[in-house]
Amino acid sequence: MDRRTLDRLASIVGEAGIVADRMRRLAYESDGLTLEREMPELVLLPRDTDETARCMRVLHEAGIPVVPRGAGTGLSGGATPVPGGVTIGTARMRDVLEVNASDRYAIVQAGVVNIAISRACAKHGLFYAPDPSSQKACTIGGNVAENAGGPHCFRYGSTTRHVLGLVIVTAEGEVLDLSHPVADPDGYDLIGLFTGSEGMFGLATEITIQLTPMPAATQTLLAIFPSLDAACESVTDIIAARLEPSAIEILDKLTIQAVEASVFAAGYPTDAEAVLLLDIEGGELEVETTVKGIEPILARHGRLELRSARDAEERERLWAGRKGAFGAMGRIAPDLYVADVVVPRTRLREIVRLATDECTKRGLKMSNVFHAGDGNLHPNISYDRRDPDEVERVLAAGRAIMQACVDVGGSLTGEHGVGLEKQEQMKLLFSPADLAAMDLARVALDPDRRMNPGKMLPLRACMETRTRPIPGGMRAEEARP
Amino acid sequence: MTESGSALAETLARDGIEVSHEGAYPIAAPASEAEVVAIVERAARDGLKVLPIGLGTKLDFCRPEAAEGACDLALSMRKLRDVVAYEPGDGTLTARAGARMGELARTVLAGGHRLTPDVPHPDEATLGGVLGASQSGPDRTRFGPVRHHVLGVRVVRSDGTIAKSGGRLVKNVTGFDLHRLYCGSRGTLCVVLEASLRLFAEPEREAALTATYPAARPALEAAEAVRALPIAPLAVTLEGVDEDFRLHVFLAGHSEQVRWEADEVERVLGDAERRDDEGARCHRALVRDLGRRNGRWPAFRMVCLPSQLPSAIDSTRDFAGARGLQPRFLAQPFAGIVDVFLPGDAATEPESFVALASELRDLLAPAEVRLDPLAVPAAVHRALARTNDEGPAARWMTRLRESFDPAGTFASPLFPCRA
Ligand SMILES: Cc1cc2nc3c(=O)[nH]c(=O)nc-3n(C[C@H](O)[C@H](O)[C@H](O)COP(=O)(O)OP(=O)(O)OC[C@H]3O[C@@H](n4cnc5c(N)ncnc54)[C@H](O)[C@@H]3O)c2cc1C
């Protein structure tokens, strides 16, 4: 980057807002998908919308690609830097700007950590419903960009259902203020389109989110199963019976053992093959009736034991185990590949089995902890990234699992996004015409394709070309014809 | 009717595509996806404008016939009406765009499911039309807008290619959510061929409570008291005119819970008429159908924060009253949406109507109440649209429209924001 551009950027964000030295930039080399790494040319940490817009205008003039970044917990490489690109982080945009309890919304800066929102509005009896397991670290901006899910999204829906407004800084550095929360958009639903766009349409600096009243009653159940199959089949039957708990999660034996050996120990029985963790929320009588509907299904599938959390503390412990599961997996191997696929909920058992087989036959250690109620599987493969052969086998297993999901009418990702990881697999699910339509939206909003280039859309399928050369070279795959 | 439009209609008819000539432009009703593609391709080639429609019940929303030369041909999806897949085990439904909402609701009811949105006159509303207009029904109180429940779509683009977005799964973030963009795009970006929706459980029991008030404000205060209860009503609707307002609260769910909730609501509302089960269902349909009165949609929709609703209604009532008009209101208080029906003769004089609409919009704007025109003359649409013409949001919309439809094949000239 030339000196003049650098100086202009520095004068906008000040010393605290610029990360230029190599050692500090190392921290931004990857997100949670550590298999992909790239050194950003520069990292900018603007304080607000105005600083962001001014930086974006400078970068626009200089033709430099931009990668938005929240907390970097993404698991698909969405926040992986691009060669010669600048990463713009939201780490200094951490203010809750407004909580409006009567109209049930909050306006927060993009760098606010997910859980901080619920904390900020708890005194009003309200909470922010989407609860990714990473909620103590991930930002609301990252959640919007990925359309993040979480255990309780079974009842409440993913992020997109809860975003009422946005302030977006466009690739050209314009500010699009859609922050006023109203029921329906004035024209096209730009907010819905932006949500889940993986940082490719612009950078969100402020988010208006819907707040949800805390449920009158909650019951947390832990059902212990003698087999993973039985746990999966129970879920299929709960869905078929149209019962509507708020969260339905499955943890398998390896996961349980890792959790129980970690600081997240929740009291799950370590000899169980699988546990089913359920939250049932709503009015007291509604909860009671739903539990009555669920119990016989669990019994029919041979649950060994059914525990019900006695108080809020026990409930929290049970959930802390679930939400800490990925972290706990560090005990099994140094690295974890978190697959994220979706299947129709009638096919849960079949695909969980298949994923296990794909890993077993490649000599890989796989564990399962997933949002079963939504059909959103997370086969987690533990590995050591220093072993190139093992890395190859992990990726091959990941591809086989994705293919199997697509074959039964499933999908590549339920919440982690496509990013770099699943870019090539997009062609399994979408035709060139489907991808071309997505590219139409992209070029409309970022004609130079400078926002998070080289992500999500497979490069050859949509014939991505750059209108300007990227200073500092391209990713190897981007250079392909 | 444009000359080129009737020439196209003739060619299509020769090719065996059904074409009727009832209104201001010919209406082609293709019987297959291939015919849809053929119509779009042909129109694109000849530089003609096509308006995708269902049964045409919501054409008021964009009134193309009033904008000279804005539409050469309407493309009605009414014949493509089959259910593609109802998956009771997965709680999803995929149907073609011409399927009637009422028929779809009955299909999934057989498997114990409920479809949202519960739109007015569901047997006259097609799935494609509902999505295109992003229409909701009173059940929006519980389920939110329809765009939240569209899982995926297949569409024909302006160049005749078929493209899909999303899928049939209840959770899926693969690719951009173009289906959300298409929802509410009023046929300006593509023709929707089929769509998949998430379904909900058919409730065990329903209840309805209705209380009467001499004005909107006390009714809205009662609604606020209901909102403070630890319950999630299926629908809360306020309707009325002058000094005669009614608040309807609809409850649905497990039997015991609904019974308890109905007692709670009754306690809060005081003197309320209570209906159960079949009575409640019938009443719900009745109130739902008020969304279109005597074949007419409301003139305006006001969109605002729920807390702004009382003043929005009062201001509108006073403003109209001073002009000798008595507007009728139909509101979804929890969502901050109020539909305004004007007496039939208010719409006769376009010029004074434009003045009235513009003044009303200016009156409401400081409180951030947005006034959207629905069933009004095109001149009113244009007058209200102009202010949105500037700014980055309008630019993004324009660019999207130009990107998806570079030749301007899809007609709906008054949407999203240009006259
Ligand atoms: C232990 C663990 C558990 C997890 N559990 C879940 C889970 O249950 N559900 C789930 O959905 N995900 C989960 N994730 C994945 C991850 O936390 C989510 O994808 C999260 O939304 C990412 O947020 P972030 O702030 O870390 O974003 P980042 O990783 O920094 O960025 C993610 C993407 O968003 C873009 N982006 C970030 N901020 C902005 C912005 N302001 N404007 C525009 N684009 C932006 C980036 O460019 C990138 O493409 C988990 C991850 C971990 C490590």
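This is a predicted model: local features need pLDDT of at least 70, side-chain atom pairs count only at pLDDT 80 or more; totals for chains, interfaces and linings use all residues.
Which side chain does the side chain of T174(B) make a polar contact with? I looked it up: the partner is the side chain of N172(B), at 2.9 Å.

**Entry 1: T174(B)**

I found T174(B) in the loop between β9 (162-166) and α6 (178-182) of chain B. Is T174(B) buried or exposed? I'd call T174(B) buried because its relative accessible area is 2%, and buried means under 20%. Chain A comes into the picture too: the side chain of T174(B) reaches the backbone nitrogen of T413(A) at 3.2 Å. I then listed its contacts, leaving aside neighbours within four places in sequence, and got S411(A), L412(A), T413(A), V418(A), M426(A), L429(A) and F430(A).

**Entry 2: two helices of chain A**

Next I checked how α1 (residues 3-13) and α3 (residues 49-62) of chain A pack. Their axes are 9 Å apart, at an angle of about 175°. That makes α1(A) roughly antiparallel to α3(A), since angles over 145 degrees count that way. On the α1(A) side I noted T5(A), R8(A), L9(A), I12(A) and V13(A). The α3(A) side includes E51(A), R54(A), C55(A) and V58(A). Sorting the residues of this contact, I got seven nonpolar, one polar and four charged.

**Entry 3: helix α4 of chain A**

Which residues of α4 (residues 114-121) of chain A are buried? I wrote down N114(A), I115(A), I117(A), S118(A) and C121(A). They sit on the same side of α4(A), because they cover an arc of only 150° around the axis. A reminder for me: an α-helix has 3.6 residues a turn, so residues three or four places apart point the same way. I also saw what the buried residues of α4(A) pack against: β5, β6, β7, α5 and β10 of chain A.

How values were computed
Residues are numbered from 1 along each chain as its sequence is written. Chains are lettered from A and ligands numbered from 1 in the order in which they are written. Side-chain values use heavy atoms; hydrogens and water are left out. Helices (H or I, at least four residues) and strands (E, at least two) are DSSP runs, numbered from the N terminus. Buried means under 20% relative accessible area, exposed over 50%, partly exposed in between (1.4 Å probe, protein chains only). A polar contact is a pair of N or O atoms within 3.5 Å; within protein, one must be able to donate a hydrogen and the other to accept it, and residues adjacent in sequence count only if both atoms are side-chain atoms. Contact means heavy atoms within 4.5 Å. Axes are lines fitted to C-alpha atoms, for helices over the stretch in contact, and angles run from 0 to 180 degrees between N-to-C directions. Angles under 35 degrees count as roughly parallel, over 145 as roughly antiparallel, 65 to 115 as roughly perpendicular and the rest as oblique. Ala, Val, Leu, Ile, Met, Phe, Trp, Tyr, Cys and Pro count as nonpolar, Asp, Glu, Lys and Arg as charged, and the others, Gly among them, as polar. The arc is that of the directions from the helix axis to the C-beta atoms.
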